[in-house]
Amino acid sequence: MNPATGAKVSLEGVERKFDAPVVARFDLSIRPGEFVSLLGPSGCGKSTLLRLIADLDRPDGGRVVIDSFGRKFFRAFVFQEAALLPWRTALGNVMMPLELMGRGRVAAKADAERALAKVGLMDAFEKFPSQLSGGMKMRVSVARALVVEPSLLLLDEPFAALDENTRYRLQEDLRSLWLATRMTTIFVTHSVQEAVYLSDRAVLLSPRPARISLDHHIDLPEVRPASLRTDARFIREVETISRSYRDTDQNSSNIT
């Protein structure tokens with residue numbers, strides 16, 4: 001997969017209301033193969049936008065347009081919780097979407113084994129979720145998303161509940177997987193550091209109704225070793241977004 005094979009995502013005047021407006025006249029364009037993080041305060045509409053892009057919810061106004069340029073299109077969603085079936089092994093959980101698509105068992109098993117190998121779980125094929133750590137469960141969840149070879153990958157704070165070292169390792173793995181596949185990736189997070197390490201671009205949202213407070217290109221090398229986290233360039237990017245985050249919160253407080 002190369003950058004051209006990822007899907008293009010366009011949100012055009014998107015609106016979504018529940019008891020009150022959550023998203024109002026929202027516009028955003030994401031290029032094929034781009035890795036974009038959505039940041040913002042709790043309740044600002046990040047997860048709502050992700051669900052709209054995933055077609056798990058429908059907008060009240062505007063539209064979400066996904067262009068796969070005539071190629072076969074699959075999207076995959078990684079939730080905050082791993083949401084594994086407890087009666088299936090790691091291999092069985094990763095095989096499930098392929099089985100639902102009608103893939104033969106032999107081919108599905110081979111594809112699932114490759115997906116688990118990509119996330120470093122070659123020795124966990126036959127383990128059940130109850131036998132896996134939190135980080136391993138999330139790796140299985142990521143493998144289950146990758147096994148369909150999506151051109152659009154959506155992740156909703158998948159590492160938030162993990163300890164710092166595990167979270168860092170999974171961030172490094174995800175960045176490497178993205179470099180290898182160039183699938184269009186949209187990642188929701190509260191962590192500025194996580195967004196800077198993972199993304200090409202960080203989009204900061206205002207308190208609801210969600211609007212774009214900052215759309216920032218992250219000026220870091222494509223290949224990002226763990227040592228980059230202490231690099232002056234990394235720290236500068238974190239401060240740029242953090243400053244805008246603070247300004248957004250301050251402006252919101254002044255309004256209210």
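Me: How many bridges join S6 to S7, and do they run parallel or antiparallel?
Reply: Five bridges join S6 to S7, and the two strands run parallel; strands here are DSSP runs of E with at least two residues, helices are runs of H or I with at least four residues, both numbered from the N terminus, and two strands pair if DSSP finds at least two bridges between them. Bear in mind that this is a predicted model, in which local features need pLDDT of at least 70 and side-chain atom pairs count only at pLDDT 80 or more, while totals for chains, interfaces and linings use all residues. Residues are numbered from 1 along each chain as its sequence is written, and side-chain values use heavy atoms, with hydrogens and water left out.

Me: Which residue of S7 stands opposite Asp156?
Reply: That is Val188 in S7. From S6 the chain crosses through helix H5, residues 164–181, to S7, and this β-α-β crossover is right-handed, meaning that with the strands pointing away from the viewer the path from the first strand over the helix to the second runs clockwise.

Me: And what does S6 do with S5?
Reply: S5 and S6 pair in the parallel sense over four bridges, and Leu155 in S6 is the bridge partner of Val78.

Me: What is the strand order in the sheet?
Reply: The order is S5-S6-S7-S3-S8-S9, an open sheet of six strands with mixed pairing. Strand S5 (75–78) and strand S9 (212–217) stand at the edges with a single partner strand each, so one side of each has no neighbour in the sheet. On average, neighbouring strands of this sheet are turned by 15° against each other, direction ignored.

Me: Which helix packs on the sheet?
Reply: Helix H1 (residues 46–53) packs on the sheet and touches S3, S5, strand S6 (152–156), S7 and strand S8 (201–205), where contact means heavy atoms within 4.5 Å. The direction of H1 makes about 150° with that of S6; axes are lines fitted to C-alpha atoms, for helices over the stretch in contact, and angles run from 0 to 180 degrees between N-to-C directions.

Me: Is S6 mostly covered or mostly uncovered?
Reply: S6 is mostly covered, with five of its five residues buried, buried being under 20% relative accessible area, exposed over 50% and partly exposed in between, with a 1.4 Å probe and protein chains only. Leu152, Leu154 and Asp156 point one way from S6, whereas Leu153 and Leu155 point the other way. In a regular strand the side chains alternate between the two faces of the sheet.

Me: Switching to H2, how many of its residues are buried?
Reply: Eight of the eleven residues of helix H2 (residues 90–100) are buried, including Leu91, Val94, Met95 and Leu98, and what covers the buried residues of H2 includes H3 and H4.

Me: Where is Glu126, and what does it touch?
Reply: Glu126 is found in the loop between helix H3 (105–118) and helix H4 (134–146), and it touches Thr89, Leu91 and Gln131, not counting residues up to four places away in sequence. Glu126 is exposed, with a relative accessible area of 54%.

Me: Last topic, the backbone: which peptide bond is cis?
Reply: The bond from Arg208 to Pro209 is cis, with omega near 0°, and Pro209 lies in the loop between S8 and S9.

Me: What about the phi of Arg25 and of Phe69?
Reply: Arg25, which lies in strand S2 (residues 21–30), has a positive phi of about 45° although it is not a glycine. Phe69, in the loop between strand S4 (61–67) and S5, is not a glycine either and has a positive phi of about 60°. Most residues other than glycine have a negative phi.
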